[in-house]
Amino acid sequence: MEKDIKKFDEVAEILKVMGHPARLCILNGIIQTGGCNVSHMQECLELPQSTISQHLQKLRSAGIIEGTRSGTEITYTLKNQKVLDIITTLYPQEGK
């Protein structure tokens, strides 16, 4: 058994942030589309824009996603390889 618990801290923090159904869905959608905006997420999730924005803020703060602005639109993409590995293990993509 591993004695240095600190090496598990980063992954535990990532899992805490990911541990909400809406955030899992957002991350899975970002991976499937290669990046998407709040409007697209809102259509898929059928949640208010403000709720989605709160979830996105938690994911951004944890360094899991990043946003790229083009005019008034922000496209969110995944920036953490560990999260990609976790999501693709949990939700294998059809045909990939």
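Student: Is the crossing of helix 1 and helix 5 right-handed or left-handed?

Tutor: Right-handed is the call for helix 1 against helix 5. Keep in mind that this is a predicted model.

Student: Why are helix 1 and helix 5 called oblique to each other?

Tutor: Look at the angle: the axes of helix 1 (residues 9-18) and helix 5 (residues 81-90) cross at roughly 60° and come within 11 Å. Perpendicular would need 65 to 115 degrees and parallel would need under 35, so oblique is the word for helix 1 and helix 5.

Student: Which residues make that contact between helix 1 and helix 5?

Tutor: From helix 1 you have Glu10, Val11, Ile14, Leu15 and Met18, and from helix 5 Lys82, Val83, Ile86 and Ile87. Sorted by kind, the residues of this contact of helix 1 with helix 5 come to 7 nonpolar, 2 charged and no polar.

Student: And what makes helix 1 and helix 2 roughly perpendicular?

Tutor: Their axes cross at roughly 100° and come within 7 Å. The perpendicular class runs from 65 to 115 degrees, so helix 1 and helix 2 are roughly perpendicular.

Student: Which residues meet there, in the contact of helix 1 and helix 2?

Tutor: Lys16, Val17 and Met18 of helix 1 meet Arg23, Leu24 and Leu27 of helix 2. The contact of helix 1 with helix 2 splits into 4 nonpolar and 2 charged residues, with no polar ones.

Student: Asn28 is in helix 2 too. Is Asn28 buried or exposed?

Tutor: Asn28 has a relative accessible area of 15%. Buried means under 20%, so Asn28 counts as buried. Setting aside residues up to four places away in sequence, Asn28 touches Ile87, Tyr91 and Gln93.

Student: How many residues separate Leu56 and Arg23 along the chain?

Tutor: They are 33 residues apart along the chain, while their C-alpha atoms are separated by 7.8 Å.

Student: Let's zoom out. What is the order of elements from the N terminus on?

Tutor: The order reads α-α-α-α-β-β-α, from 5 helices and 2 strands. The C-alpha trace spans about 50 × 30 × 25 Å along its principal axes.

Student: What share of the contacts with a separation of 6 or more is between residues 24 or more positions apart?

Tutor: That share is 56%.

Student: And what about burial and surface for the protein?

Tutor: Of the 96 residues, 29% are buried. The protein exposes about 6400 Å², with carbon and sulfur atoms supplying 52% of it.

Terms used: Residues are numbered from 1 along each chain as its sequence is written. This is a predicted model: local features need pLDDT of at least 70, side-chain atom pairs count only at pLDDT 80 or more; totals for chains, interfaces and linings use all residues. Side-chain values use heavy atoms; hydrogens and water are left out. Axes are lines fitted to C-alpha atoms, for helices over the stretch in contact, and angles run from 0 to 180 degrees between N-to-C directions. Helices (H or I, at least four residues) and strands (E, at least two) are DSSP runs, numbered from the N terminus. Angles under 35 degrees count as roughly parallel, over 145 as roughly antiparallel, 65 to 115 as roughly perpendicular and the rest as oblique. A crossing is left-handed if the near helix is turned anticlockwise from the far one by less than a right angle, and right-handed if clockwise. Contact means heavy atoms within 4.5 Å. Ala, Val, Leu, Ile, Met, Phe, Trp, Tyr, Cys and Pro count as nonpolar, Asp, Glu, Lys and Arg as charged, and the others, Gly among them, as polar. Buried means under 20% relative accessible area, exposed over 50%, partly exposed in between (1.4 Å probe, protein chains only). Accessible areas come from the Shrake-Rupley method with a 1.4 Å probe; for residues, only the protein chains shown count as cover.
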